[in-house]
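Hello,

Here is the structure I promised to pass on to you. Please open it next to this message, and my notes on what turned up follow below.

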Amino acid sequence: MPNRKAVVRALDHREYLSLRRFPALDGLRAVAALMVVFFHFGGDRWAWLSGWAGVHVFFVLSGYLITTLLLREQDRGGRISFRNFYLRRFFRIVPVYVVTLAAVVAVFGLRGQYTSSGLRGAMPYYLTFFNDFAEHTVFVVSWSLGIEQKFYLLWPVLAFAAAWRFGARLAVTVATTVAVLCLFPLTGANWPVHYLVMLTGALLAVVLHHPRGFALLRPLTHPVPATVVAMALVGLQLAVRPLVGWAGSEVPVIAGYGVLFALGLPALLGTGPAVWLLSRRPLTAIGDRSYSLYLLQPLAGLVASGLVPDPGGTRHAALVALVALGMADLMYRWVEQPMIALGRRLTTRRETPEPVVPPQRESQAVLAG
């Protein structure tokens, strides 16, 4: 792995492939999660954050990271084990979700609000990961999980079973993106935009994994352009609300936001002030717990409202964030990490040569296991 402290230049492709973690992306997850919390609980003062923007940061990162992990697995062993992939995703996502959902149901049930909170009517959706189609409930934050679960289910099969080499996989990714775009006039619905944003992250991963694709975006990993891009992403965030007003709808802004954010993501893979800041331990620690923090918002909001009877405003949002972080830390230590470890043990024991995907010959990377 390159000595990142000494690098004052753009990454080269070999260095990029050697990176085992992207600490700045962990910090970015923390920022995205806190954006959502402050938008939900901070009142009008924090409305400029546009809560969906933080969620779509997660979507871009999910598409990028999942596709990158699969590409590197293929390079290491010459194949993808879909069974192991789905096992890892199950133990990464489902235990925390089930525990949180059970806690939400228990708390609102004890308060006599199981029906009035909308939970009763939404349970068929929540139990089948169609959260995004449920009516508004106290657990409405879980809508994004329904999007991600369906993406995780379908995308690996499309990208790694239907396409073996870079050219074919790039074509499949572009074709899938076009197909999602066609869903807008066909369905008359807005939900395809979320998959469009995730696909921008996946497309970025496919492009960066290939030497020629990486060369196109490599200048963005240099500290100077990376700093400019990071400032531009902050400006993009500040412009979201005016852009929605100008466009008259959130949908085109969400689509554009996802594309521009994905294009700027390479700036957080190299070095520079933004990378240094996002890689600091407090932010990466929150980023590690961001999944639980995001899901635990309804319960944290109840606790905070009990401590501060007059909700709304910055202090209330900060209190909710602190309570949610405390809950998330317990969840991270006692549920999330043990279940992730269990999933890894199971996939190690159940290594299998099928289903097999031929190696991607264009890649010269040799990654450690």
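Ser-50 sits in the loop that runs between α2 and α3, where helices (H or I, at least four residues) and strands (E, at least two) are DSSP runs numbered from the N terminus. This is a predicted model, in which local features need pLDDT of at least 70 and side-chain atom pairs count only at pLDDT 80 or more, while totals for chains, interfaces and linings use all residues. Residues are numbered from 1 along each chain as its sequence is written, and side-chain values use heavy atoms, with hydrogens and water left out.

Ser-50 has a positive phi of about 50°, although it is not a glycine. Most residues other than glycine have a negative phi. With a relative accessible area of 6%, Ser-50 is buried; buried means under 20% relative accessible area, exposed means over 50%, and partly exposed is in between (1.4 Å probe, protein chains only).

Phe-129 also has a positive phi, near 60°, and is a residue other than glycine. Phe-129 lies in the loop between α5 and α6 and is buried at a relative accessible area of 16%.

The loop between α5 (119-126) and α6 (143-160) also holds Ser-142. Is Ser-142 buried or exposed? Ser-142 is buried, with a relative accessible area of 1%. The side chain of Ser-142 makes a polar contact of 3.0 Å with that of Asn-131. Such a contact is a pair of N or O atoms within 3.5 Å; within protein, one must be able to donate a hydrogen and the other to accept it, and residues adjacent in sequence count only if both atoms are side-chain atoms. Leaving aside neighbours within four places in sequence, Ser-142 is in contact (heavy atoms within 4.5 Å) with Tyr-97, Tyr-126, Asn-131 and Leu-295.

Next, the charged pairs. How many salt bridges does a search of the whole structure find? The search finds ten, counting a side-chain nitrogen of Lys or Arg within 4 Å of a carboxyl oxygen of Asp or Glu. One of them joins the side chains of Glu-15 and Arg-9 (2.6 Å, N to O). Glu-15 counts as buried at 12% relative accessibility, whereas Arg-9 is partly exposed at 37%.

Arg-21 is worth a look of its own. The side chain of Arg-21 meets that of Asp-26 in a salt bridge (2.2 Å, N to O), and that of Asp-288 in another (3.7 Å, N to O). Because Arg-21 lies in the loop between α1 (13-18) and α2, and Asp-288 in helix α13 (residues 281-288), this second pair ties together parts that are 267 residues apart in sequence. Arg-21 is partly exposed, with a relative accessible area of 47%, while Asp-26 is buried at 6% and Asp-288 counts as buried at 17%. A network of salt bridges links Arg-21, Asp-26, Arg-29, Arg-281 and Asp-288.

Helix α11 comes next. The 15 residues of α11 (residues 250-264) should span 21 Å at 1.5 Å a residue, and the end C-alpha atoms are 21 Å apart, which agrees; the expected span is 1.5 Å times one less than the number of residues. At the N-terminal end, Ser-249 caps α11, with a side-chain oxygen 3.2 Å from the backbone nitrogen of Val-251. The buried residues of α11 include Val-251, Ile-254, Tyr-257 and Phe-261. Among the elements that cover the buried residues are α2 (23-41), α3 (51-77), α7, α8 and α10 (223-247).

In helix α7 you will find Leu-170, which counts as partly exposed at 26% relative accessibility. Leaving aside neighbours within four places in sequence, Leu-170 is in contact with Leu-203, Val-206 and Val-207.

Trp-191 is found in the loop between α7 (166-187) and α8 (192-209), and is partly exposed at a relative accessible area of 30%.
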